[in-house]
Amino acid sequence: MTLALDHLGAEAPKRDRRATARRVTLTLAVLLGLTSGVSVSVGASDASLNTAMIDLINGQSMSDLNRIVLWDIRLPRLAMGILVGAALAVSGVVMQGLFRNPLADPGIVGVSAGAGLGAISAIILGTYLPAQVLVWTGSGLVAIAAFLGSWVSVLILYRVSTRLGQTSVATMLLAGIALGALSGAASGLLVYMADDQQLRDLTFWGMGSLAGATWGKIVTAAPIIMIALASTQFLARALNGLAMGEAVAHHMGIPVQRSKNIAILAVAGATGAAVAVSGGIGFIGIVVPHLLRLATGPDHNRLLMNSALLGASLLLCADMISRVVVAPAELPIGIVTAILGAPVFLWILLRRHGTMGM
Amino acid sequence: MQGKSICVNLGRKDILHDVNFKAEPGQVTAIIGPNGSGKSTLLKTLAGEIGTSGTVTLNGHDISALKPWQLATMRGVLPQSTTVAFPFKVHEIVRLGLANGLAAINDELTAKALAHVDLAGFEDRSYQTLSGGEQQRVQLARVLTQVWESQHTDQPRWLLLDEPVASLDIAHQLAVLHIAGDFAAVGGGVVVVMHDLNLTALFADCVYVLSQGYVWGSGTPSEVLNIDLMQQVYGIDLPISKVPKAPIPFVLPQVMRERLGA
């Protein structure tokens with residue numbers, strides 16, 4: 001009798017995490033829909049999709065103000081929030097899987113620092129560029145430079161830590177710290193050269209914001225982020241295997257080196273593009289995957305998709321808070337994500353402390 | 001499975017020198033030798049994990065020409081110990097051994113594998129909270145799942161085990177080696193790195209003795225486990241006898257205590 005009960009006890013919850021993960025996907029998709037709707041309606045102006053719909057139904061065309069607010073400000077902001085939130089969260093998942101470290105983050109391997117150096121260089125040294133280049137790049141110069149910075153740092157990192165086709169995760173982590181320090185030092189030197197206006201720009205870029213969202217920026221960032229996110233969906237099995245180490249993953253038939261290459265490129269693309277258009281938005285990449293692992297376990301099959309959905313929703317919520325608390329001014333979103341994220345991160349650390357020996 | 005002229009150097013140090021190795025399906029082939037003799041390196045080379053200037057052939061195929069997934073259908077590898085970075089559950093770890101990983105649903109096979117390693121009912125436990133010996137058996141269940149799943153082809157499957165009994169109690173040491181023996185008995189091939197000479201003598205059909213990267217001897221346990229060779233390789237005089245009525249040698253270090261007069 002006892003045996004049979006034990007057996008049932010072991011059987012019943014077995015499929016739960018897979019089923020839960022599927023339910024979570026649905027819930028998160030609905031949540032993202034709701035957050036998107038609210039996000040479009042919240043702000044200094046009372047324009048909303050609702051009023052726009054009512055206008056349309058009543059046969060009136062939208063007022064110019066409403067159209068500008070919705071089409072030129074809120075919708076691009078919504079699209080960018082979804083893209084950046086998904087990109088940061090998925091980059092976190094992939095990075096953590098690759099480094100077998102639940103606390104790893106694109107920030108740790110110097111990708112964000114590289115992007116920062118690129119942005120700072122553009123803000124301060126951009127004035128020395130030929131006028132032609134400035135005209136051609138326009139306001140996107142900072143974004144392009146940040147993207148290049150993150151890309152170059154990943155390439156250098158990869159060069160340093162890959163010997164004979166094998167990437168050593170430990171070397172990569174340490175090289176990332178060194179690269180991050182180097183980028184930070186170079187950025188610090190550049191800041192000395194900055195004038196007052198440039199320092200203001202730097203500060204706001206560093207805190208991160210979706211306020212600068214334009215359709216133009218989205219057109220540059222979206223394809224890169226979409227390709228990166230789509231390619232990570234093929235990495236689920238590899239990342240699951242890599243959780244037991246590269247050797248075991250190889251024994252299980254996973255093309256380890258190719259998977260690592262894809263993972264690194266995807267992270268560089270997604271993080272680079274996200275940081276480029278939105279500045280330093282932290283904690284999404286660490287908090288989102290952790291919360292989902294607590295809820296549905298570490299299986300990457302659903303974790304990647306769910307992280308993208310939750311990351312997008314979370315960033316939209318943070319963006320709404322940043323728009324509302326000091327309206328009509330706004331708080332940089334990086335401050336909001338840090339205030340929301342840092343305590344969650346600490347809580348995760350404390351929880352892990354007992355069970356994982358960390 | 002055959003390895004010819006295997007030379008491996010890691011960094012500036014030569015680990016294996018011109019090792020020739022042959023294992024037959026249907027047999028348990030053990031690799032023994034002192035710490036640092038190159039046993040694990042040889043196993044990793046046979047697994048295709050480390051490159052070599054020589055050749056390793058598995059079921060007649062040069063393994064360097066095989067894709068990782070092709071290798072995975074022919075052999076499973078159990079490392080000395082496996083840490084898992086995230087809080088996977090036991091049944092999830094075992095399911096990772098399936099070709100489709102966690103996306104696959106084959107609870108029957110995973111349940112059978114867990115029961116095989118005496119861990120039935122552990123499905124829902126968190127891997128990270130298990131003892132070292134239990135973790136090792138979960139990993140063995142994962143490896144068994146991997147090789148069982150591809151059993152339908154007519155080529156022999158291989159199990160490569162690196163000190164599979166190092167962290168196990170005596171009952172589970174015998175149980176795990178019985179699993180290896182059963183696997184060989186139905187036509188599979190087993191290559192196992194061992195430290196315990198008595199268990200080696202009991203379960204191995206063929207033994208390779210490695211020291212300082214060279215093969216010092218190979219053959220049946222009674223051919224290899226002799227006082228001279230053990231003295232050469234381990235540097236101590238090991239008293240070795242044979243079981244009455246059976247040609248199985250055994251090592252009895254307790255005798256040394258008498259000899260020392262203690």
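Modeller: Gladly. Let us start with A:Thr25, which sits in helix α2 of chain A; helices (H or I, at least four residues) and strands (E, at least two) are DSSP runs, numbered from the N terminus. Before going on, note that this is a predicted model, in which local features need pLDDT of at least 70 and side-chain atom pairs count only at pLDDT 80 or more, while totals for chains, interfaces and linings use all residues. Residues are numbered from 1 along each chain as its sequence is written, chains are lettered from A and ligands numbered from 1 in the order in which they are written, and side-chain values use heavy atoms, with hydrogens and water left out.

Colleague: Is A:Thr25 buried or exposed?

Modeller: Buried means under 20% relative accessible area, exposed over 50%, and partly exposed in between (1.4 Å probe, protein chains only). A:Thr25 has a relative accessible area of 13%, so A:Thr25 is buried.

Colleague: Which residues does A:Thr25 touch?

Modeller: Contact means heavy atoms within 4.5 Å. Not counting residues up to four places away in sequence, A:Thr25 touches A:Arg302, A:Met305, A:Asn306 and A:Leu309.

Colleague: And which side chain is joined to that of A:Thr25 by a polar contact?

Modeller: A polar contact is a pair of N or O atoms within 3.5 Å; within protein, one must be able to donate a hydrogen and the other to accept it, and residues adjacent in sequence count only if both atoms are side-chain atoms. The side chain of A:Thr25 has such a contact, of 2.6 Å, with the side chain of A:Asn306. A polar atom of the A:Thr25 side chain also lies 2.9 Å from the backbone oxygen of A:Ala21.

Colleague: Now for charges. How many salt bridges are there over all chains?

Modeller: Side chains of opposite charge can pair when their charged atoms come close. The term salt bridge is used for a side-chain nitrogen of Lys or Arg within 4 Å of a carboxyl oxygen of Asp or Glu. Searching the whole structure gives 7 salt bridges over all chains.

Colleague: Which residue forms a salt bridge with A:Arg77?

Modeller: The partner is A:Glu330, and the closest N and O atoms are 2.8 Å apart. This pair links distant parts of the chain, 253 residues apart: A:Arg77 is in helix α4 (residues 64-99) of chain A, and A:Glu330 is in the loop between α15 (300-324) and α16 (333-356). A:Arg77 counts as buried, at 5% relative accessibility, whereas A:Glu330 is partly exposed, at 32%.

Colleague: What about A:Arg323 and A:Asp319?

Modeller: They form a salt bridge too, with the closest N and O atoms 3.4 Å apart. Both are in helix α15 of chain A, and because they are 4 residues apart there, about one helical turn separates them. A:Arg323 is buried, with a relative accessible area of 8%, and A:Asp319 is buried at 0%. Through shared partners, salt bridges join A:Arg77, A:Asp319, A:Arg323 and A:Glu330 into one network.

Colleague: How many salt bridges are there between chain B and chain A?

Modeller: The count there is 1. B:Glu92 pairs with A:Arg17, the closest N and O atoms being 2.6 Å apart. B:Glu92 is buried, with a relative accessible area of 4%, and A:Arg17 is buried at 15%.

Colleague: Which elements of chain B supply at least two residues each to the side that touches chain A?

Modeller: They are α2 (68-74), β6 (75-78), α3 (90-95) and α5 (132-149) of chain B. The residues of that side divide into 20 nonpolar, 10 polar and 9 charged; here Ala, Val, Leu, Ile, Met, Phe, Trp, Tyr, Cys and Pro count as nonpolar, Asp, Glu, Lys and Arg as charged, and the others, Gly among them, as polar.

Colleague: What area is buried between chain B and chain A?

Modeller: The size of an interface is often given as the accessible area lost when the parts come together. Buried area is the accessible area (1.4 Å probe) that two parts lose on being put together, summed over both. Between chain B and chain A this is about 2,900 Å², with carbon and sulfur atoms giving 59%. In this interface, 39 residues of chain B are in contact with 28 residues of chain A, and 7 residue pairs are in polar contact (both at pLDDT 80 or more).

Colleague: Finally, what is the secondary structure of chain B?

Modeller: Chain B has 10 helices and 12 strands. Of its 262 residues, 53% are buried.
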